[in-house]
Each structure stands twice: as C-alpha cells, then as structure tokens.
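Subject: Handover of a structure, with notes on salt bridges and a helix pair

Dear colleague,

Please find the structure below, followed by a short account of what was found in it. I would be grateful if you could read the notes alongside the coordinates.

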Amino acid sequence: YKLPYGDNEKEIVSPITDQTDVILIQVPNLRESTYYAGMAALKAWMKKYKSDITLFCMDPITGYFDKHHDLIHSEFGQAFNTFSTQGNYFQYSKYKEMKDICDLVYTRIEKRAPKYVGFSIIDGNIDVTLYLAHHIKKMLPNVEILLGGKGTDILLSGIMSARYDNGAVRYDFTNWNFIDYIVYGDGEKPLEEIIEAGKDIDKLKKIKGLNFRLDGEWHGWNSE
C-alpha cells in the first residue's frame, strides 16, 4: 500500500474510468517516506463494504517534485511543509511553483469528474492542503471538499486545536467557504454515511466526529 512516485497510479487503483465518486489526495511530506496508510485503509474498506462507490487515490505532487528535485531545497521547498508559519496558507500565492501544482492537481481531478475530493492532512501539510483545496473549490465549485486524517486534531473543534500565543485559533474553519466536511477520527464509516446522507441535515448531524457546511452555515461535532 505504498503509493508510487510520479504518475504510475494504476498500481494501486482500479483501471481508469471517466467518472469517479471520490478522489483522495494527501499532500506529501517532502522529507519523509511516502506512505499513505490512512488513504490505503479507507480505499480497502470501501472496496470491501461499499464496492458501489468508486474511489481513486492520487498523488501527482510527488511526481512534480521528482521532476523538479532542486525545488526541495529552495525557498518554496522549505516552505512547503512548514511548521513555523502555520495558519497562513495564503502565503503560497507568491510562488509560481504552487500555481503549477494547483493546475496539475486540478487537471487530474477535473478529468475524473468526482462528486467528492478528500484531503488527508497531517500538521506538516495542512497549509498547502488548504491552499490547494481553496483553488479546487474555486475551479470546481460543485465538487464537495472533505478534510480528514490525524491533522484534523489541530483544527478548531479538534482535541489539540492549534493556537497563537494570544490564544486565538489558528485554523478556524467557520471562516472557510471552500471546505464542506471535516472528519475527526477514523474516516471509513463517516465517508460512507456522508455519501448516503446527501444534503439531509438531520442525517449529517448524526454522523459521529463530523463538522459540515450546509447553505453557508457550519454544523456538527466539537471535542470540547
């Protein structure tokens, strides 16, 4: 279940089709091995229990850095997996390389016409993920964006909510209009329930560990 580098995605997914229900992406940590255990587990679970839902895992970003390996040690590469400026995801707008990555990921997603795009986050990739999710939502407004993974713990409502020195929350999702769902904890069952619930607010409110945005308003779970 190690995602391959570059574009060789067929090794872990079903043959390419014109349409996919769900796409899962994890922005890579450039300085660690590329294991995506959470995404692989979710895909395996869905294949076993909800085979009618098509799910595709992709990582075009690692391939981009493979082709531009010198960027890893550049200013952009140093900022890509940052901990020092967490909460300032719009900082990436100054980098041409970030635009290239956004265009690359958008092209891959648009080709498969998914209803949902899920990002698996860790605390080192959250800012790039948010910038990328903002771009995808702008380009594909009808695609519903989900955040999951261990990194959701540092968002508002998470058990380790990240804060500035003055106590303000670094990641207050109530200000975000480009994220539709945030899943805290294991994501297999919640993803299935989100898809089955559609826009039924009463069903969505019953999903454990879920915050969701509907008609511009946030609802759901709080660890506190």
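Because Lys96 and Asp100 are four residues apart in helix H4, about one helical turn separates them. Helices here are DSSP runs of H or I with at least four residues, numbered from the N terminus. The side chains of Lys96 and Asp100 meet in a salt bridge, at 2.9 Å from N to O; the term denotes a side-chain nitrogen of Lys or Arg within 4 Å of a carboxyl oxygen of Asp or Glu. Lys96 counts as exposed at 59% relative accessibility, whereas Asp100, at 26%, counts as partly exposed. For these classes, buried means under 20% relative accessible area, exposed over 50%, and partly exposed in between, with a 1.4 Å probe and protein chains only.

Please note that the model is predicted: local features need pLDDT of at least 70 and side-chain atom pairs count only at pLDDT 80 or more, while totals for chains, interfaces and linings use all residues. Residues are numbered from 1 along each chain as its sequence is written, and side-chain values use heavy atoms, with hydrogens and water left out.

The whole structure contains 10 salt bridges. One of them joins the side chains of Glu75 and Lys94, at 3.8 Å from N to O. This pair links distant parts of the chain, 19 residues apart: Glu75 belongs to helix H3 (residues 75-80), and Lys94 to the loop between H3 and helix H4 (96-112). Both Glu75 and Lys94 are exposed.

In helix H6 (residues 188-197), Glu192 and Lys189 lie three residues apart, about one turn of the helix. Their side chains form a salt bridge at 3.5 Å, N to O. Glu192 counts as buried, at 8% relative accessibility, while Lys189 is partly exposed at 42%.

The axes of H1 (residues 37-49) and H6 come within 9 Å and cross at roughly 55°; axes are lines fitted to C-alpha atoms over the stretch in contact, with angles from 0 to 180 degrees between N-to-C directions.

Yours sincerely

How values were computed:
Helices (H or I, at least four residues) and strands (E, at least two) are DSSP runs, numbered from the N terminus.
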